[in-house]
Amino acid sequence: MRADRLVATLLFLQERGRVTVPEVAAELEVSERTARRDLEALAAAGIPVYSQRGRGGGWSLVGGARTNLTGLTADETRALFLATGSLSATPALRTTLRKLVRALPPTLQEQARAATRAGVVDATDWARHAVTVDGAHRSVLQSAVVDGIRVRLGYAGVGKPAGERTVDPLGLVAKAGVDYLVAGTDQGLRTFRLSRVTSVEPTGEPVIRPPGFDLATVWEDLSGAFQDGMHAVTARARVHPDALDLLQRFLGGRVRVGGPLPDGWTEVWVDGPAAKALAGHLAGLGARVEVLEPPEVRQWLARIGAELTGMYAGDDL
């Protein structure tokens, strides 16, 4: 007997005041036998539920009793439904939100409903391509993390064909709109971007969890190492006023702005994972940015410029 179904039965009973077995069965999409057994289980558990036979009968809460299952304050209710309501296109989440609304005191129910209508998540990019991970993969991974079950993970790394490996799923992390799986592997703890997952198959074997494992701490260590790699090279440059905002939007926190120079340009420091990659990022601004140092980034910019000149020099502007 599932506890969540008993809760749903109680909330349905609380909302209607009086229900029949067929009504409960239809609402919860179970058999009438299961619905009757659940109602009897509530009564056996001490919930003030009673049945009345005959015409107009059914199951009711004694004296119209009500059960507040949340204990949430008004601010907590608003925060919860603002956070989850924007995702309510998911059928399972819509069902959960309806149950939560029913459990709230009447004075909070309208706030909760308004919060669910306050936001929308658009799961496509500006090219109308889906940017969210396959829901089936996410669901299976979530279950594997909660249940502590190893999985055979199909995964395609950047520029690599899809391969399969057995991992211990330990947690899911969302960073800047991108979802990652933290898992134990033969090479130690690793992160896997969910959008690159091609298949998930539970093995039935229990997860081996490192002693004292804490997801937040592990993620900070793993992501910190990656972020350090994004700052391996720093270029000092001067930027034209027209290009400063564009540079900051393009590279975000990897740009540190200094003071204005005598010619009206601005001195900046820009971080990147390697000289070649950093030169590629800056090349799109053309002559509106001049790298002053290090020489490796200047050399890569010169090479990129020469390649582009060789390809497009004959075209008229």
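Start by selecting Asp168: in this predicted model, Asp168 counts as buried because its relative accessible area is 8%, under the 20% cut-off. Arg150 is partly exposed, at a relative accessible area of 21%. Bring in Glu205 too, and you have a network of salt bridges linking Arg150, Asp168 and Glu205.

How many salt bridges does the structure hold? There are 10, so let's visit another. Select Glu290 and Arg238, whose side chains meet in a salt bridge of 2.7 Å, N to O. Glu290 sits in strand S12 (residues 289-293) and Arg238 in strand S9 (residues 233-239), so this pair ties together parts 52 residues apart in sequence. Glu290 is partly exposed at 31% relative accessibility, while Arg238 is buried at 17%.

Next, hop over to Glu267 in strand S11 (residues 266-272). Glu267 is buried, with a relative accessible area of 18%, and its side chain makes a polar contact of 3.0 Å with that of Arg236.

Last stop: helix H11 (residues 295-312), where you'll find Met311. Met311 is exposed, at 59% relative accessibility. Select Leu308 and Tyr312 as well, and you'll see the nonpolar surface patch of about 340 Å² that they make with Met311. While you're in helix H11, pick out Glu307 and Arg303: they are four residues apart, which means about one helical turn separates them. Glu307 forms a salt bridge with Arg303, with the closest N and O atoms 3.6 Å apart.

Methods:
Residues numbered from 1 in each chain as written. Predicted model: local features only at pLDDT ≥ 70, side-chain atom pairs only at ≥ 80, totals over all residues. Heavy atoms only, no water. Helix = DSSP H or I, 4+ residues; strand = E, 2+ residues; numbered from the N terminus. Buried < 20%, exposed > 50% of the residue type's maximum accessible area, 1.4 Å probe, protein only. Polar contact = N/O pair within 3.5 Å; in protein donor to acceptor, adjacent residues only side chain to side chain. Patch = residues over 30% accessible without salt bridge, like charges linked within 9 Å, V, L, I, M, F, W, Y side chains within 5 Å. Areas by Shrake-Rupley, 256 points an atom, 1.4 Å probe, with all protein chains shown as cover. Salt bridge = Lys/Arg side-chain N within 4 Å of Asp/Glu carboxyl O.
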